[in-house]
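The reader may wish to keep the structure in view throughout.

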Amino acid sequence: MTTRPLYVGIDLGTTNSTVAVFDAEEITLIRNSLGSVLTPSVVRIDARGNVTVGARARRFLDTDPANTRSEFKRLMGTTHQLEFPASGTLRRPEELSAEVLKSLRQDVADQLGVAPERAVVSVPALFELHQTAAASNAAMRAGFERVELIQEPVASAIAAGWTQGGSNGPWLVYDLGGGTFDVSLLETREGLLRVVGHDGDNFLGGRDLDRALMDLAIARLAADGIVIDRANPQHARALRQLRLAAEEAKIELTRASEAPIFIAGLDVDGQVVDVDLIVTRRDYEAAIGPLIDRSLAICTRLLAANGLGDGALERVVLVGGPTVTPLLRERVRAVLGADFGEGLDPMTLVAQGAALFAGTVALDGRPAAKAPPSTGPRVWLQFPAMTSDLTPFVVGKLLEQANTIKQIKITRSDGEWQSDPTPCEADGTFAVMVRLLPRQNTSFEVQGLDSSGQAVTLQPASFSITHGITLGDPPLSRSVGVALADNRVQVYFNRGSPLPIRRTFVLHTVETVHPGTEGHVLKVPIVQGEFAWAHLCRLVGTLEIPSTELSAPLPVGSEVELMLELDRGGQLRAQARIADIDRIFDQVALLMTPQVSLETLADALHKLRTRAADLSRAAFLDRSGKTAARLSAAVPRLDEAEQNIKAARGGDLDAGEQARRILSDFDALLAEIEAEQAWPELGRKIEESFAMAVSWVAGYGNDAERSTLNETYQACKRAFVARDADEVERQRAVIERLGLAAYFRHPGAWEWEFERCAARVGESTDVRRASELVAKGREAVRQRDREAIEQIVRELWVLSPVDHDEQKLGHGSGLRKR
Amino acid sequence: MGAIAGVVIVIVIVRMLSGSIKVPPIALAFGVKLGIYVFAITLVQVTTTDAEVATGVLHMVAFVLIWAPIPLLRWVVVPLRMPRTAYWTTRISWPLGLTKEIQASAVVYGALALARRSHPSEEAISWLERKLRNSEPIHGAGVVAAGLLAALRKDIDRARGLFATADRMHARLIPRSMRVIARDWLVVDAARVGNWQRVVRLGRHGMITLRWSYSMARIGERLTGNPKAWHKWQLWPCFLWAPRRRVTYPPFRRALRVPVRRSVQPDPAPSATDFPLALGSLARALERANAHDGELLAQSIQAVDRNLDSVQEMIEQRLDILGSRRDAGAVLAQFRQRLIDLVTPLIEDDPYLARGAQPGSIMEQAVWQVRRRLLGDIEARCKDYRDRTTGETSLDQIAEWETWAWLTNSANRLLELDSASESVLFQIVYAPVCNFAVYQHNGRKRIALAHDMFIWLLAYAQGVPEARQLLAKNIQAGIAGI
Amino acid sequence: MTTGDPLALWRSNPFFVLEIATDATPTDVERAGQRLLALLAVGSANVQTYPTPLGPATRDAEQVRQALAALRDPEQRVLHELWASVAPTGGPATDHNNTGVCAGPCAGPWEEAEHALGWSALWAR
C-alpha cells in the first residue's frame, strides 16, 4: 500500500503562523500543543536559555517584554540584533523565525508522527531578495532539508482556486496581515492560475490598525492630562499595555458597536492610573479609515496598471485576520465592486495554499523511503503531481531492460480507462497521455510489454496525479538588475518574470583596474526596484572583484560576463567571468539592509522636507498644478515618517524600518518630479549655450565651425524632442566647446580667463601653488605675454576642484553597457 | 677580403659603442650583413673542396639567408609550422625591412607558423606572448603580432581591431610586409562571412593599395552587383597580377559568372496583405548569406513595418479572446522595438548596412540606438584616458595599443554609421586623446603610439585650426624619434 | 564585434519551441510544455532539436519554461503569434553555389577563405 504523500505548507506570519498539510486529496490544518491552528509568532528566551514559542511566550509580552519578542518578520534581512538580557544572548530576526518554524515542524511530527524534511514557506510578495534569503535561511535552521518559498497572495490564490472551482476571469486577493499588505491580481483560465500583477506595502498591516486605535487612546488620555510619549523609552511598558488592550478592543469592535479599553494600574512617569475608555466603532473607523483608503489606493493602482476598471473583477478573496473588520469589508466591496469568495478562512488560507503548492511541485515532506526490493525493471517516471489538464502526459524512461521492453501500457486503477500500448523510443523513453478523474486524485498502474506482448511488471508499478489547478511559475515581484557607473540600471529580470530565471549580459569596465592596489575593487552592485536610476533602487547585494585578485591591469572596456540567477524562492546567485584573465568571481556580499541611525533618518527627513518645499514653490511658479497636487498628496507621509522616527527613539525597531522605507519612497518621488522639471530647464540651457556660442563663432570662427555649430544645434534639438538626455548633453557640450574655441581667439580672452581663475584661487586644490601661478600671471599680463598667460591659465585649471559625485550615485559601480 | 671586412666591422662597432657615430638600424643591419656575407663566402671558399655545385649551393644558402630572408621565411620556414624556429630564424636573419622591430617581427612569423597548425598549443601561444611582451619597441609589427596572437586565442573582435589599426597606420610605423598581413587577414575575415562590401572597402579605399586585397576588392564588386564593377577583360589581368591565384580562383570564377548591371533594379516590395511573406523576406534578408546586403535588409524591414498596420485589427481580436485589456498599440510598439533590437547588432557589426536609412524608419531608430551606444563607449574610454593622464598611470605597450585600437574602431564604426557625427566625435576625443598621447610621448617614450594618435586626430580636425596646428607640431616632433 | 546568428532569437519563438500552432488553447500550451519538460528531464535525445520555418534549432528545459511563461501572458502571446506567422524561408533567396549560374548578385560567403592563406587556426570554431 502506498503511503500518502505529505505536502507541508507554512504561513510564517507577522502576528500568527500556521501549518497545513495536503495528502493529494484533502488539506488538514495542524494544531499545536494548545489545540489551536494559530501559533503566535512570539519567542521568549528565559534566563536558562530555554526557548518558548507561541501562546505560552505571548503571555510574557507584557510581564517580561525584554526577553519576549514578537513581530520580527518585518525585520528579516536587516542587521538588527535583538537582545535577550536574561540569557545574555543576541538573536537576529531570522533566528527567531527559525524557532517559530521549528515549533511548527514539531507540531506536525506530534500530530502525524513524522517530522517533515521539506516544506513550502510563504513570504510577502514584496519581500526583497535579502528578506527572502533570510526566510530560506530560517527554514534551514529549523531543520528542513529543503524549502521552497511562495508568495503569500499566490498561496491564497491557490487555496481559493482549489476551493472555489474553475471560473474564468480576473480576481483579486486582498491580503492584510499583521504587518504587511499584499494585493495580487490573478486570472484563472481553463484551470490555469496566473498571477497577473502584484502590489502592496511592506509596512501596512493589522499592527497599524492597532496603532491607530492606540493613538486614539493616547489622545484621549492626553486630554485627561496623562501624556504618553512614544519617543520616551520610559513609557515603553505603558505603550505595550495600551497596545494589548487596543488589540482586544479591536477584536470586540468587529461585532459590537463599542468596546472598552481598560488597564488597571498604568504607570506613567511614576503616576499610576486606571485607564477606562470607551471606544465606539465610529471613532475606531474614523481612525483606521485613512489606512484602509491607503490599501484601496494600492488596489486601484494595480487594477489601473493592468487596464481594469470598475466592476471588472469576478471576485475578491480576503486574507488575514484584520480583514474581518466590518468597515474594511464594506469599503473593499464598495470600491472594488466585486463579491467576496465564500467559505474561505482568511486566517489559514495562506497555509492551505502553501500546502497545495507543495503538491504541485511534488515537494513531499516525508523522509526518503528506503528503496523496496526490486520486483522488476526500474523506470523513471515524470508526471505532474497536480494539474488542471484532464489528459496530461506521463513521460518515462526505462532504466533497465530497455532492449526487451518494447511498449508501455498505463491502466487507471478504477479499470475504466487504459492507454493503447505505446512504443518506446530507442533510448527507452516514452510519453503516454492519461485520462484523469475530475477534481480528485487518480491512481494508475504502469506495465511494460515485451516483443510478444507479455506484460512485465515495472518498478514503480503505480503512481497518482491530482486533478486541480495548474500554477504558472511564481512571478518576480520587483525588477532586478545591475547598477551601472552612469547611475542607470541594466535590468536583468523584469517584474513579473517567472521564477526560476537566469540571464547573462556582457558588460564593460569603466576604468582601468590596476592589480594589487589595496582597497581598489571592481564593484558589481545588484539592485532591485522599478526606477531607471540606480541610486533610487534598493541595493540587495554586491559582487566584488578585489584588485588583489588580478595579476595584470584590467584595461577600461574589458568584458565582464555577468550571470544572475534567481531560484523559485527568490534566492540570488551571481557570477562574473572576466575573459581577459579567465577568472570567475561569485562572492556576493552585503545582502543585509544596513542599519541606518536615527540621526541619519532625521537628517534625511529634514532634507526631504526642504526639497519638497523647493519643488512645490517651483511648481507653483511654473503653474504646474499636477506636480503641486502630487507633492501635497505625498507630504503627509513625511509626517508619518516623523512619528515613526519618534517611536523608534522609544525602542520600536519596526517603526524605524518603516520610517526608512517611507523616506526612500519619498526620495524616489522627488527624483521623478525633479527629472520632469529638469527637462524644460534643459531646453533653456540649450538655448543659452547656443546663443553664447553663435555670438563668438560669428565673430571669431571659421566657415567649418559655423556649419558644425548649426548642424550640432539641429541635432541637439532633435535629441531634445526625442527626450534623449545623454545625446542632448553631448551635443550641448560640443556647442559650448565650439563657442569656447572661438572665444579664446579673442585677443583679450586669456586675460579675462586669468582674472576669473585668480578670483577663485582660494578654491584650488593646491592654494599655495595656485597663488604662485597667479603672481606669475600678473607679471605676464603686465608684459602682455599671451602665450605665458595661456600656459598659466591651463595650469590653474588643473588645480581647480573636480566633481566625483556621478560615480558615487551608481552605488560605486565599475561597469557600463557596451 | 674577409679580413678587411672583419676589421671594418670591428672599427664600426667600437665607434658605435663609444658613441662617436650613430648609425640608423637599417644601415647597421646592412653593414653587418655585408660583413657576415663576405666572411661567409670567404669561409666557404677556404673550406670547401673542388666540387663547384657544393660551393654554389652554399653560396646560394648564404645569399638567401642574409639578403632574402623574408621569402625564405614565408615559403620555407613558416610552412614547417614550427613557431620557435620561425621566431629565431627571423631574429638571426634580421630582414632589412624589419630591423626597427626585429623582435616583434619575429613573433609575427612565429605566429604565422603556429597558425598553420590545426590545433595550436596553449604552450606555444604563451611562449610567443611572452616574447612579444618583452619586445622593444612596439610599432606596426608589434600590433600585427598582437593581432595574430589574439586570433590564435579566438578573440576575433580584438584581433580585428588590432589589424584595422595596423592597416591604417602611417607608412613610417609599419613595414609593408606587416601591413600586407594585416590587410589580408581583414579581407579573409570579411570574405569568409560574405561581407563583400567590406572587402571592397578594404581593397579599394585602404591607406595604400596592395595587390591581393585590390584584386579581391574587384572580385567583390562583381559579386555584389556593383554597377561600376569591371568587365571580364579587366578582371583577368587584375587577377593574374595578384598573388595566390590558385586559392582565389573559386570566388574569381563565381564573379565572372555575375553579369554586370549598369543600373540597379530594386526588388518590388511585398504586397500590403502579405504580412507572413514580409516577415519571410525579412528572415531571408537576415540569413547569413544575405546579411550584408543593406538595401535588401532596409526594404524588408520597411515591408514588415508597412504591413503592421494591417494586422492591428487582428491583434485587437486576439487580445480580446485571450482576455487582455491592453490596446493593440502597445503590442505594435513592442513589435517595432523588437524589430529595432533585431537589426541593431547587425548594424553595429557592419555600419554600412544602415547607409541611406530613411528618417523616421525602423532602420534609422536602430542607427540612433547604435550611435548612442558607440558614443557612450567612446566617452568612457576618453574618460579613462583623462584619468590615466592625470594619474600618470600606463598599461604595457600591447595593452595600450589594444585600448587605442578599441577606441578607433568604435570611432570608425560611428563615422561609417553616421558621417555627420564627425564634429561631435572630434570634440569628445580631441582633448583626452591628445593629452594622453603627449603623456605617452614625453613620459613613457612611446613615440609610435603617440604618433599614431596625433595622425588619427589630425584626420578629423578639419574645422579646428588650433587643433590642426598643435597636432601638426606634435607629429613633426615625433617623426624624428621613429 | 562578431554578430551571432541574427535568426537565433526568432527561432526560439515560444510557438516553435513548444511545437504548437498559434491558435493552441491554454491547455494545449501547458500540455505541450509539460510533455517537453518531462522528456528533457529524462534525457530524451529526440526532443533536443525542433523544426522551425527558419531552419532547425535546439532547446533545453530553461527555454521551454520561458516559452510557457511567455505564452501565459496575453500580450506576450499575441506578440509571439505575430513573429511566428513568418512564411517559411525555403533557403536563401539567391544562389551562391560555386557551380550554379547566378542571375544576380552572388555575394555569399567564401567558406574556404581561411585556407587561402593557410590560417585555418585563426578563426573561432
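Between chain B and chain A, the count is ten residue pairs in polar contact, both residues being at pLDDT 80 or more; a polar contact is a pair of N or O atoms within 3.5 Å, where within protein one must be able to donate a hydrogen and the other to accept it, and residues adjacent in sequence count only if both atoms are side-chain atoms. The elements of chain B that give two or more residues to the side touching chain A are α19 (362-391), α20 (397-417), α21 (422-442) and α23 (465-479). Of these, α19(B) gives the most, with 13 residues. Helices (H or I, at least four residues) and strands (E, at least two) are DSSP runs, numbered from the N terminus. By class, this side of chain B has eleven nonpolar, nine polar and 14 charged residues; Ala, Val, Leu, Ile, Met, Phe, Trp, Tyr, Cys and Pro count as nonpolar, Asp, Glu, Lys and Arg as charged, and the others, Gly among them, as polar.

The model is predicted: local features need pLDDT of at least 70, side-chain atom pairs count only at pLDDT 80 or more, and totals for chains, interfaces and linings use all residues. Residues are numbered from 1 along each chain as its sequence is written, chains are lettered from A and ligands numbered from 1 in the order in which they are written, and side-chain values use heavy atoms, with hydrogens and water left out.

In terms of contact (heavy atoms within 4.5 Å), 34 residues of chain B meet 33 residues of chain A. The two chains bury about 2900 Å² between them, 46% of it on carbon and sulfur atoms; buried area is the accessible area (1.4 Å probe) that two parts lose on being put together, summed over both. R325(B), W368(B) and Q427(B) supply 21% of the area that chain B buries against chain A, more than any other three residues. Five salt bridges are counted between the chains, a salt bridge being a side-chain nitrogen of Lys or Arg within 4 Å of a carboxyl oxygen of Asp or Glu. One salt bridge joins the side chains of D724(A) and R372(B) (3.1 Å, N to O).

Within chain A, an open sheet of three strands has the order β6-β5-β7, with antiparallel pairing; two strands pair if DSSP finds at least two bridges between them. Its edge strands are β6 (51-53) and β7 (68-70), each pairing on one side only. Strand β5(A) (residues 42-45) pairs with β7(A) over three bridges, and V43(A) stands opposite R69(A) in β7(A). Helix α3(A) (residues 93-112) packs on this sheet, touching β5, β6 and β7 of chain A. In helix α3(A), E99(A) and K102(A) lie three residues apart, about one turn of the helix, and their side chains meet in a salt bridge (3.8 Å, N to O).

A second open sheet of chain A has five strands in the order β20-β26-β25-β22-β23, with mixed pairing. Its edge strands are β20 (386-387) and β23 (422-423). The pairing of β20(A) with β26(A) (residues 455-467) is parallel, over two bridges, and places M386(A) opposite T466(A). By contrast, β22(A) (residues 405-412) and β25(A) (residues 441-450) pair in the antiparallel sense over seven bridges, with K409(A) opposite Q447(A). Strands β25(A) and β26(A) are likewise antiparallel, over eight bridges. In their hairpin, which has four residues between the strands, G453(A) takes a positive phi near 85 degrees.

How values were computed:
Axes are lines fitted to C-alpha atoms, for helices over the stretch in contact, and angles run from 0 to 180 degrees between N-to-C directions.
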